[in-house]
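I opened this model to look up two things. The ligand site came up, then a sheet.

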Amino acid sequence: MPALYDGLILGSLATLDVAHGYGEIADGALGWRDGLLSFVGPRETLGGDPGQLAAEVIEADGWITPSLVDCHTHLVFAGDRAREFEQRLQGASYEDIARAGGGILSTVRAVRAASEADLLRESLPRARALLADGATTLEIKSGYGLDFDNERKILRVARAIGDALGIAVHTSYLAAHALPPEFAGNPDGYIDAVVEWLPRLHREGLVDAVDAFCEGIGFSPAQTRRVFEAARALGLPVKLHADQLSDLGGAALAAAFDGLSADHVEHTSDAGVRAMAEAGTVAVLLPGAFHVLRETKLPPLDAFRAHGVPMALATDCNPGTSPLQSLRQAMQLACTHFRLTPEDALRGATVHASRALGLQDRGVLRVGTRADFVHWRVRHPAELGYWLGGQLADGVYAAGRRLA
Ligand code: DI6
Ligand code: FE
């Protein structure tokens, strides 16, 4: 008789499949078949000897949670910006450096000079690091190419990372990230190009969502709107780097387009929060950038809570503002800087992050969802938002397959 489950893992479960709390099942069992969870419950209700029910049985001491979902990264890039980090420590601001042609544009120069193979070779270790610390779904943005061929190169590398590691990669087209030198003084002309490239890249299957940097050193709300209209014409969801350094009404703009998420949101106003609540737009908090830029303006956390706006967490892994290669570390930073509880942080990096990508098939341990889970060497799930560094993941699984 064929086994009922392809695999079973036995241990303490934090299912998160509840409105409050971890959804703890102390002596639990998780079973899967064909990549989906088919049993989640107390071990004693399995109804048989695990060894007879499943082809593979794993005894896990420690806790099992849903795999982490990193819903905002720029991890495909070349080079680094350590020198610029040094300049900031000597007093230059992020905006000063950007205006002087450094910042994002210095990474653009490095990306343009790199071959597709180089770019994959440089970026893959970052994705591997995220995976090793529990993330099996990653969002990866373009935005360091700023011309058709180089934006395409980044998106192709993002897809290649998914194939190489067996993880799920969701791509976002972020050509409206900075103004390339070819369009100096002509941002509207650049937006024309951004809008023209989008359907061509979409036709190649390279775009899952559309993003923009709506900021004084980025693009105006009117320019962002044009990019969003192009996305809408193709039926693509949008998200936005909104209100990171100043309040341009970005969060409300993302909400007006039924955005999946508004990200950063440190300067979002009360009206912005209300618009997000109404549209169901998720707030993606990026404590890595907050930490590295030594920001002091906190996102409107109480307002998000009061209006029931879900708060997701992500690494924002990028060479300028967040050289962060662990989502678990982002959870710790969110607890420290934003006073999230470890439980909020875990939800932020799982359930809410999935929602920020428009995904309902992961982020909790529930029958019928993907068998994406992590076995952690911890005594309690609160430890996931507590330790700085270290190696806690004992096994990282996607669709029932062990990847790390
Ligand atoms: N905001 C960010 O935090 C990243 N992009 C953005 O629009 C930073 C990108 C970089 O500095 O390279
Ligand atoms: Fe970002």
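**Ligand site and sheet**

I started with the contact to Asp316. An N or O atom in the Asp316 side chain lies 3.0 Å from an oxygen atom of ligand 1. I kept in mind that this is a predicted model.

Next I checked how much of the ligand is covered. Alone, ligand 1 exposes 320 Å², and the protein buries 100% of that. I then looked up where the ligand sits, and found ligand 1 in the largest cavity.

I went on to two other polar contacts. Arg81 places a polar side-chain atom 2.8 Å from an oxygen atom of ligand 1. For His177, an N or O atom of the side chain is 2.8 Å from a nitrogen atom of the ligand.

I listed the surroundings. Ligand 1 has 14 residues around it. Arg81, Tyr94, Tyr144, His177 and Thr321 are the closest. I sorted the shell by class and got 4 nonpolar, 8 polar and 2 charged residues.

Then I turned to the sheet. I noted an open sheet of 7 strands with mixed pairing. I wrote down its order as S3-S2-S1-S4-S13-S14-S15. Strand S3 (36-42) and strand S15 (401-402) are the edges, each pairing on one side only.

Strand S14 (residues 393-398) is joined to S15 by 2 bridges, and the two run antiparallel. I looked up one bridge pair: Ala398 has Arg401, in S15, as its partner. As background, I noted that strands of a sheet pair through backbone hydrogen bonds, either parallel or antiparallel.

Methods: Residues are numbered from 1 along each chain as its sequence is written. Chains are lettered from A and ligands numbered from 1 in the order in which they are written. This is a predicted model: local features need pLDDT of at least 70, side-chain atom pairs count only at pLDDT 80 or more; totals for chains, interfaces and linings use all residues. Side-chain values use heavy atoms; hydrogens and water are left out. A residue is near a molecule or strand if one of its heavy atoms lies within 4 Å of it. A polar contact is a pair of N or O atoms within 3.5 Å; within protein, one must be able to donate a hydrogen and the other to accept it, and residues adjacent in sequence count only if both atoms are side-chain atoms. Accessible areas come from the Shrake-Rupley method with a 1.4 Å probe; for residues, only the protein chains shown count as cover. On a 1 Å grid over the protein atoms alone, a cavity is a set of points where a 1.4 Å probe fits but cannot get out, and a pocket is an open set with protein on both sides within 12 Å along at least five of seven lines; lining residues have an atom within 4 Å of a point. A molecule sits in a cavity or pocket if more than half of its atoms lie within 2 Å of its grid points. Ala, Val, Leu, Ile, Met, Phe, Trp, Tyr, Cys and Pro count as nonpolar, Asp, Glu, Lys and Arg as charged, and the others, Gly among them, as polar. Two strands pair if DSSP finds at least two bridges between them. Helices (H or I, at least four residues) and strands (E, at least two) are DSSP runs, numbered from the N terminus.
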